[in-house]
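The model and its sequence come first, and the notes follow by topic.

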Amino acid sequence: MNPYMLAALLFGLGLGTTITFASSHWLFAWMGLEINTLAIIPLMAQSHHPRAVEATTKYFLAQATAAAMLLFASISNAWLSGQWEIHQMSHPLPTTLITLALALKIGLAPLHTWMPEVLQGLDLTTGLILSTWQKLAPFCLLLQVQPTNATTLLVLGITSTLVGGWGGLNQTQLRKILAYSSIAHLGWMILVLQFSPSLTFLTLIIYFIMTFSLFISFKINNATNINTLATSWAKAPALTSIIPLILLSLGGLPPLTGFLPKWLILQELTKQDLAPLATIAALSALLSLFFYLRLSYAMALTMTPNNLTATLPWRLPSLQATLPLAITSSATIWLLPLAPATTALFTW
């Protein structure tokens, strides 16, 4: 892609998110979300591959549906209450519609079906943008709306944790596994959103750090399915020894960083007398942990089989910048001892 065009599209991504961040009016927030969507669509379709075009079309249709729902709900709220302000959501019907529209935008279950298919059709760099940056603007709106119907968020959250864990069990494609991992982590964030928004924001930032580490690791290894992970030892042995730790951190095992948000979320749910919900969420984390361990086993504990059907890649040194990966992987693995300072930083 032309670098000037790439710079313009990345500027559009930043502009759309910034407009949504700074908005107190629903029309401005909707406009920011639309700019965001229109900026990423050319990035998704830049390879001109049929699968990429199909993924782009599915993404556009899903986002257009969510945007139409959001606009309809905001107009309904203005009609019922006479207010266009985001903080003036008083009627339960438009509030629930807006919550569902934002859930469709970020891919919460049961409105998640577009996300694995879309992520599978993209390259790893665009998939990283879709899994991280594109979540910021809808989450900003969810944090501001604070839905009056608490049951809606709890149902969306617990369904997402279960679907995200269950859906990734039989997958062999890494991008689909990352999509279901994203759905499960979003479910954890939504569960605690109404009780502790600052904890949701902390979980979102830690999820971004862990996901960035994993996407860049797979990009350096040029890996898109589990079979190609078995050749990682010969290409990047040091990186291959770190990636299982990143995967276990995503699974939420102590003493790694990913344990911190899960621990705090379970504690907060227990404080709110939601012990059964916390138990179901903790058990759903075991489902996700299974396919993280499966990837770790394929990468670190197996050798390349002789009858491997995939084409073996050339073992050339990677030209990828490794400093961002070093920073984020260190934060993914070693941030738990700094938990008091981290939680104090995100306490509002």
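A helix here is a DSSP run of H or I with at least four residues, and helices are numbered from the N terminus. By that naming, threonine 126 belongs to helix α6, residues 124–131. The model is predicted, and the values below are computed from it.

**Threonine 126**
- Threonine 126 has a relative accessibility of 3% and counts as buried, because the cut-off for buried is under 20%.
- Beyond its neighbours within four places in sequence, threonine 126 makes contact with Leu43, Met44 and Gln46.

**Nonpolar cores**
- The largest nonpolar core contains 69 residues.
- Ile40, Tyr59, Val118, Leu214 and Phe218 have the most contacts inside this core.
- Another core, of 29 residues, lies apart from it and includes Ile98, Ala137, Leu142 and Leu204.
- Valine 118 touches Met44, Ala55, Lys58, Tyr59 and Leu130, with residues up to four places away in sequence not counted.

**Cavities**
- There are 3 cavities of 30 Å³ or more.
- The largest cavity has a volume of about 90 Å³.
- Its lining consists of Leu33, Asn36, Thr37, Tyr59, Gln63, Lys105, Ile106, Trp114, Leu130, Gln134, Lys135 and Pro138.
- Two or more lining residues come from each of α2 (26–44), α3 (50–81), α4 (92–106) and α7 (133–145).
- By class, the lining of the largest cavity holds 6 nonpolar, 4 polar and 2 charged residues.

**Helix α14**
- Helix α14 covers residues 259–271, which is 13 residues.
- From its first C-alpha to its last, α14 reaches 18 Å, close to the 18 Å expected at 1.5 Å a residue.
- The buried residues of α14 are Leu260, Pro261, Lys262, Leu264, Ile265, Glu268 and Leu269.
- An α-helix has 3.6 residues a turn, so residues three or four places apart point the same way.
- The cover over the buried residues of α14 includes α9 (174–191), α10 (197–221), α13 (237–251), α15 (275–300) and α17.
- After α14 comes aspartate 273, with a positive phi near 60°.

**Second largest pocket**
- The second largest pocket holds about 180 Å³ of space.
- It is lined by 11 residues, and those closest to its centre are Ser196, Leu199, Leu264, Glu268 and Thr343.
- At least two lining residues come from each of α10 and α14.
- The largest share is that of α14, with 4 residues.
- By class, the lining of this pocket divides into 4 nonpolar, 5 polar and 2 charged residues.
- Leu264 and Glu268, listed as closest to the pocket centre, are also listed among the buried residues of α14.

**Phenylalanine 346**
- Phenylalanine 346 lies in the segment after α17, whose residues are 339–345.
- Is phenylalanine 346 buried or exposed? At 13% relative accessibility, phenylalanine 346 counts as buried, because this value falls under 20%.
- Leaving out residues up to four places away in sequence, phenylalanine 346 touches Ser198, Phe201, Leu202 and Ile205.
- Between phenylalanine 346 and asparagine 221 there are 34 Å from C-alpha to C-alpha, and the two are 125 residues apart in sequence.

Terms used:
Residues numbered from 1 in each chain as written. Predicted model: local features only at pLDDT ≥ 70, side-chain atom pairs only at ≥ 80, totals over all residues. Heavy atoms only, no water. 1 Å grid on protein atoms, 1.4 Å probe; cavity = no way out; pocket = protein on both sides within 12 Å on 5 of 7 lines; lining within 4 Å. Points joined across faces, edges and corners; volume = space filled by probe spheres on them. Nonpolar A, V, L, I, M, F, W, Y, C, P; charged D, E, K, R; others polar. Buried < 20%, exposed > 50% of the residue type's maximum accessible area, 1.4 Å probe, protein only. Contact = heavy atoms within 4.5 Å. Core = buried A, V, L, I, M, F, W, Y, C linked by side-chain atoms within 4.5 Å. Expected span 1.5 Å × (residues − 1).
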